[in-house]
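Subject: Structure handover and notes

Dear colleague,

I am passing on the structure that we talked about, with notes to read beside it. Please open the sequence and the structure first, and then go through the notes below.

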Amino acid sequence: MIENQNTIAIWEPNQPVELAVNATSREIAERAQGLSARDIHAITVAFDSQSYEMVSTFVWTRAITALKKQVASLGMEFVGQMLGRPDIDDDSDAATSIGEHDAILLAEELGMITTTEALRLKHSMELVGHFADPDNANQDQMNQEEAVSILRSCVASILGNPHIKPPIQFAELRDALESESFSRSDDRVEKICESPYFIQRTVLSVLLSMLKTAAGAQLEHAVGNTNVIVPRIWDYLRKPEKWQVGQTYAEVHSAGKHSAAAGLKNTLAAVKGFDFVPETLRSDTFARAAQKVLEAHFAFNNFYTEAEPIREFSTLGTTIPKPAFPICMRAILCVRLGNFYGIANAAQSSASEMLSALRKEQWEYYLNECLPSDKTILDKLTNEDPAQRWIAMASEFSLAEFRIADRTVKALVSANSSSTVRNNCNRLRNIQ
Amino acid sequence: MPTTAPIIETIRKSLIGALTDFVNESGFLAQINMIVELVYELAEYREEDIRFFPSVYVVKRHDDSDTLAIIAPGADRIGLKTTEMIEGCGAMILKDTAAMADSGWSIFVDVSDATLRYGLFRSEMLPVSLSSADHMADPDAKSGSGILLRNCARNCVELVSSDGKRLEFGLTATKPTPNSVSESFRKLAIEATRSIPETQRDQALSYIQRLIVQVCQQCHGTIIAVLRSDIQELPPEYHDGVRLEEPVDLLAAFHELKGDGTAATLSRLLARETLFRGMIQSDGITILNSSGQIMAFRVFVKPNEGEQGKMNQLNIRGGARSRAFELMKLRLGNSLSCVFFRSQDGNTMCEVKHD
C-alpha cells in the first residue's frame, strides 16, 4: 500500500471472493456481480438442463474477456513488453491479441489474482478447451463437478469482483516512473530493490517499455529512473532480463531514438552490461514464430493446429538469439510436454528435432536462467502426464548431467516420479 | 666510377610522426603502424581502378565491454579473418573488405587481443538508425574504445576517436587550411534542416549530413545552395534550370519511415535518395530549402552587372564551377543562407550567411 508520497510497499494480490465450500451453482452464479441478472438466470437454467459444456464456455468467455480488459487497462504496449510480444502495441485489440493463458499469467504476476486462483483458472481453460473440441465432446461429456469448478473459479477470481484491477500500488508506481525522476536515495528505489523478483522484473519492463515509446518529459524521467534503478537491481537480475535490457538498447538505437539510446548506454556502461547486447535484431523473428506456437498450443483444437507453426518455427534453426531464447524454449517444451489430455502427435517430430539440436550451453542456459521463472512450463509440470513426459525427456537428453546451480532445478531434472516433479515445480513457483 | 647508394625515404616516417599524438591519446599506440597504413590506403583507395570509400573502425574492448556492442548494437557482423599484426596488414584488410564496405556496411578491426580480427558489420542499420559514426563523433557519449578512419575527400582521411576527438589528415603538399571537410558537410546539413522543428532536428541533420557525404563521394564535383528560411519560392535568378513542380521532400520520407518503419516507407525514402543522387551528379547547381526539400537542380547562374563588377575584382582561379561558387557567395544573405562547393579533386568548402 502507499504509505506516503515517497514510499511504496510491496503489493499483495487481490483476494478471491469467498464462496462456501458446498455452494450450489445457483448460489455461486448469484455472486457474479460482473454478470447481468439475465445471464445469471441463463446459467442457472443451463445447469438445471445439464448443458454443462455450453454453460462453462459461456462463463469462461465472459470471465476471460473481463480479465483481458483489465490487463489491457495498463496499456497494450506494456502488456506486449511483459509478454515479450513485439507485435503488440497500443493499437492492438486486447480480446484478440492477448492469449487466454497469457492473460492469466499476467494477472497473476501483477497481483490481480492469487497464484492458486491462477492455477484453477488455467485448469478451467484446459477443461473448456478440451470439451470445445467436437471429437472429445462426442466421446465424453463434461460432468457437473467440472462445470461447477469452472463457474466457481471464474466467479471467485474474476466475475465476483467486477472491479478487478491491477493493484493500485502498481498503477501509482508506474505513473511515478514516467512522471517523476527518482533520486538515488528515494525510498521507492530502496523498496524496489527489496521487492520480490517479479516486481523488479515488472519495474524493468515498465522502464524499457517507456524508453521505447515515450517522448519529451516522460522519456527524460524514464531515462533518469533507468539510470537510478537498473544499476541497483542489475546484480539480482537473471540473464533473460539482462538480455532484454541489451535488446532494448539495440532496438532504440536502430529506431534512431537518440535520448533513449544515450540513456541506456550510460546504464549499460555503469553495470558493464554490454555483453548482453545482441549481435542481431533477429530476436523478433524468433519471438514471433514461438508466439504463434504458443497461441496454437493454448487455443482450441491444439492437437491439430500445433504442427504447422512449430514446423515453420523449426525452419529458423537453433541459433536462437539470446533475448528470444526463453520464449522459444517455452514454445518447444509446450509442444513436447503437451497438456493434461495428451500431445499433438504431428508436431512432435519438429519439437524433438529442435530439442536434439540444442547445444549443451543452450540447455544449461535454459535450466539455470530461464526455467526457474518460466511459470508456463512449471504449471504444466504440476500435471501428471506432462510430468511423465518431462521425466522421459530429461532422460533422453541426459539433463541431469548438465551443470545446474540450483538444487531444486537439479532435483527436477533428476526426478523419476511425477510427484517429485510436481513438488519441485511448486517449490520453484513459490520462490518467484 | 664509384657510386654512392641513394638514400631511400618513404612518407611512412612522416605519417607516423603526424599521427602519433592522436593515436596515442586514443589508446592505440601499439597499432600505429597498421593505422598509418590504413590512412595511406584510404586517402585514394582503388580496386581495379574503381574508387571505394570504406569506413574502418579500429576497436578494442573497453572497460571489459565489446566496443562494437556499444556503437553498433544488434548490428550484423561477419568476421572474416584473425591474423598477426604484421607489416602490410592494413592494406591486406582493405583488400579483403573494402569492396563490400558500402551501403551501411563498414569494416571492423578488433585489436583486443595480441592478434587482430577483422570483418564487416552494419554501422548503419536503417536510414533512421543512429550510426556508429554518430556515436564516435559525440564527445559526451561513452562509446567504448576505438578510432574511425574514413576518406572525406581525395587524399584526405578523417580520424575520429571514441571520445569525439577528430583529425583530418591530408596527404598533399598544400598548407593546411581552416576549412575542415567534415565541418563543411555539417554546415550544409545545419542550413538544410534549419526550419525543421527542434525536436526532430538532430536526427534530420544527422541523416542529411550522412546522405550528402555519400552522394558527394560518388560525384564529380557539385554546388549545393540552401535558400534562406524565410524564402518559400525559388527566386527568379535560379530559374535557368529544372524547377521541380513539387519539391522532393527527403525529410518527409525520412519521418514517414521513422513513424511506421514499413518496407513501403523505406522504399519511398530510398527512391527519393536515388533522385537526389542523380540531381547532384547532374551538371549545375542543386538548390534546397531550409526544410530539406529539393527545389531545383541543373541550375545555371549568370552574374548581373553589379555582381560582374565584383567578380572582376576578385582574382578567381579555376573553371566554371569555381566561378559559379564565387558568384553564389556574393548572393549569400540575400536569397541564400548557404552555398556548398565540392570540386572534382575533392576540395570542399561551405559558406554560410544569415543577414
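What follows is an account of the confidence, the domains, the sheets and the contacts.

This is a predicted model, in which local features need pLDDT of at least 70 and side-chain atom pairs count only at pLDDT 80 or more, whereas totals for chains, interfaces and linings use all residues. Residues are numbered from 1 along each chain as its sequence is written, while chains are lettered from A and ligands numbered from 1 in the order in which they are written.

Confidence

The complex receives an ipTM of 0.81 and a pTM of 0.78 from the predictor.

Domains of chain B

Chain B is divided into domain 1 (12-170) and domain 2 (181-352), the bounds coming from an automatic or database domain assignment. The C-alpha centres of these two domains of chain B lie 29 Å apart, and 14 residues of domain 1 are in contact with 14 residues of domain 2, where contact means that the C-beta atoms, placed from the backbone, lie within 7 Å. On the side of domain 1 of chain B that touches domain 2, the elements giving two or more residues are β7, β8 and β9 of chain B; here helices (H or I, at least four residues) and strands (E, at least two) are DSSP runs, numbered from the N terminus. By class, that side of domain 1 of chain B has seven nonpolar, two polar and five charged residues, with Ala, Val, Leu, Ile, Met, Phe, Trp, Tyr, Cys and Pro counted as nonpolar, Asp, Glu, Lys and Arg as charged, and the others, Gly among them, as polar.

The two sheets of chain B

One open sheet of chain B has seven strands in the order β4-β6-β5-β3-β7-β8-β9, with mixed pairing (two strands pair if DSSP finds at least two bridges between them). Because β4 and β9 (166-170) of chain B stand at the edges with a single partner strand each, one side of each is left without a neighbour in the sheet. Neighbouring strands of this sheet are turned by 20 degrees against each other on average, direction ignored; axes are lines fitted to C-alpha atoms, for helices over the stretch in contact, and angles run from 0 to 180 degrees between N-to-C directions.

Within this sheet, β4 (residues 77-83) and β6 (residues 116-122) of chain B pair in the antiparallel sense over six bridges, and Thr82(B) stands opposite Arg117(B) in β6(B). Strand β5 (residues 105-110) of chain B is also antiparallel to β6(B), again over six bridges, with Phe108(B) having Gly119(B) as its bridge partner, and a hairpin of five residues joins β5(B) to β6(B). By contrast, β3 (residues 55-60) of chain B runs parallel to β5(B), joined by four bridges, and Val58(B) stands opposite Val109(B). Helix α2 (residues 32-42) of chain B packs on the sheet and touches β3, β7 (145-153), β8 (156-161) and β9 of chain B, its direction making about 20 degrees with that of β7(B).

Another open sheet of chain B, of six strands, has the order β11-β13-β12-β10-β14-β15 and mixed pairing, and its edge strands, β11 (242-249) and β15 (348-352) of chain B, each pair on one side only. Its twist averages 20 degrees from one strand to the next. Strands β10 (residues 222-227) and β12 (residues 285-288) of chain B run parallel and are joined by four bridges, with Thr286(B) as the bridge partner of Ile224(B).

The assignment for chain A gives domain 1 (25-159), domain 2 (168-276) and domain 3 (283-431). The centres of domain 1 and domain 2 of chain A, taken over C-alpha atoms, are separated by 33 Å, and seven residues of domain 1 are in contact with eight residues of domain 2.

Between the chains, the contact takes 20 residues from chain A and 20 residues from chain B. On the chain A side, α14 (239-254) and α15 (258-271) of chain A are the elements that give two or more residues, and α15(A) gives the most, with six residues. By class, this side of chain A has 10 nonpolar, six polar and four charged residues.

Best regards

Terms used:
Contact = placed C-beta atoms within 7 Å.
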